[in-house]
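Dear colleague,

Please find the structure below, together with its sequence.

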Amino acid sequence: MTDTLTIRRPDDWHLHFRDGDIMRGVVPYTARQFGRAIVMPNLTPPVTTANLAAEYRERIVAAVPAGVDFTPLMTCYLTDTTDPDDLARGFAEGVFTAAKLYPANATTNSAHGVSDLAKIYLVLEGMEAEGIVLCIHGEVTDHDIDVFDREAEFIERHMRAIVRDFPKLKIVFEHITTADAVAFVEECGPNVAATITPQHLHINRNAMLVGGIQPHNYCLPVAKRETHRLALRKAATSGSSKFFLGTDSAPHLRGDKESACGCAGIFGAPYAIESYCIVFDEEDALEHLEAFASLNGPAFYGLPVNEETITLERADVAVPEELDLAGQTIVPWHGGQTIGWRIAD
Ligand code: NCD
Ligand code: ZN
């Protein structure tokens with residue numbers, strides 16, 4: 001049995017830092033483990049221009065603890081009126097690493113998202129030409145579509161069309177939750193990849209709905225039935241270069257989750273690499289953790305891999321039931337559980 005595992009320092013290819021005090025509270029948890037992170041732009045107001053992204057990046061960098069080497073990679077929140085020139089300039093200047101497509105009203109702070117894909121076809125054309133990665137929250141928002149079917153429906157209604165119409169566009173199908181998405185990504189060429197969160201590898205929808213409603217297991221896209229979880233575990237641990245780490249760490253205050261209308265999002269950052277390591281260990285695939293966590297993402301984005309390494313070791317770790325962030329309380333992923341791996345000092 002392997003008791004320690006050394007891998008290149010991983011990166012997180014999808015997370016939410018928020019802003020202000022909460023951002024300053026959460027950034028150190030990510031910087032402790034990851035060399036870089038793709039930072040989602042769904043602030044209020046959203047990060048829609050290169051200037052806003054450059055300012056946001058400065059605020060994040062100021063929150064990185066002294067002596068820690070961490071680089072935030074910024075994304076542009078696409079709207080019906082995104083200026084393709086501003087996006088191209090932001091990318092050329094190294095401000096933007098990717099752009100994010102939220103279908104309008106698909107999730108938290110997505111009201112300004114894209115209402116009709118036709119409205120951003122010019123922007124996508126430019127992105128394809130410049131080599132800018134498109135990150136997609138792949139869920140339809142139509143009220144007549146069951147929430148558990150929204151990802152699979154998005155593939156049929158939109159994903160196939162985007163991939164067909166922009167055959168060279170680099171696309172990340174984010175936080176996939178279904179066997180349908182796994183199959184779709186596997187069918188596509190090397191320009192289409194997917195991120196997978198720890199929660200979707202650990203839980204199915206029962207964890208949210210059985211024995212009382214469990215708001216801390218609620219995120220979007222919502223966890224699906226067990227067959228889907230098993231397909232995700234197989235994809236993540238397979239060694240395929242098409243799947244890589246993206247926690248979708250999405251902190252919400254405890255009171256906002258434990259409410260009559262609880263927010264979607266799981267704060268996965270504090271024990272993220274440990275959480276993935278547990279899954280790879282259970283699947284007897286620890287030899288593929290480094291590719292998933294540290295190699296496939298940079299290869300897809302055309303970035304160098306991190307030079308440093310981290311070592312994971314088998315040990316019992318009691319995850320706190322809640323964390324204090326700037327005097328506010330947030331419940332972390334695995335909160336209250338004892339987990340079997342930790343990062344060695
Ligand atoms: C995210 C958030 O809270 O910003 N929530 C979530 O459930 N994942 C938004 C998102 O990525 O969908
Ligand atoms: Zn997200």
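Asp165 forms a salt bridge with Arg164 (a side-chain nitrogen of Lys or Arg within 4 Å of a carboxyl oxygen of Asp or Glu), and their closest N and O atoms are 3.0 Å apart. Asp165 is partly exposed, at a relative accessible area of 32%, whereas Arg164 counts as exposed at 59%. Here buried means under 20% relative accessible area, exposed over 50%, and partly exposed in between (1.4 Å probe, protein chains only).

This is a predicted model, in which local features need pLDDT of at least 70 and side-chain atom pairs count only at pLDDT 80 or more, while totals for chains, interfaces and linings use all residues. Residues are numbered from 1 along each chain as its sequence is written, chains are lettered from A and ligands numbered from 1 in the order in which they are written, and side-chain values use heavy atoms, with hydrogens and water left out.

The structure holds 22 salt bridges. Another of these pairs Arg157 with Glu153, again with a 3.0 Å separation between the closest N and O atoms. Because Arg157 and Glu153 are 4 residues apart in helix α5 (residues 150-165), about one helical turn separates them. Helices (H or I, at least four residues) and strands (E, at least two) are DSSP runs, numbered from the N terminus. Arg157 is partly exposed at 34% relative accessibility, and Glu153 is partly exposed at 25%.

A further salt bridge joins Arg254 to Glu322, the closest N and O atoms being 2.4 Å apart. This pair links distant parts of the chain, 68 residues apart: Arg254 lies in helix α10 (residues 254-257), and Glu322 in the loop between β10 (309-318) and β11 (323-325). Salt bridges with shared partners connect Arg254, Glu258, Glu321 and Glu322 in one network. Glu322 is partly exposed, with a relative accessible area of 38%.

The polar contacts (pairs of N or O atoms within 3.5 Å) include one between an oxygen atom of ligand 1 and a side-chain N or O atom of Thr107, at 2.7 Å. A polar side-chain atom of Thr108 is 3.2 Å from an oxygen atom of ligand 1, and a polar backbone atom of Gly265 is 3.1 Å from one. Taken alone, ligand 1 exposes 310 Å², of which the protein buries 100% (Shrake-Rupley method, 1.4 Å probe).

Yours sincerely

Key: Polar contact = N/O pair within 3.5 Å; in protein donor to acceptor, adjacent residues only side chain to side chain.
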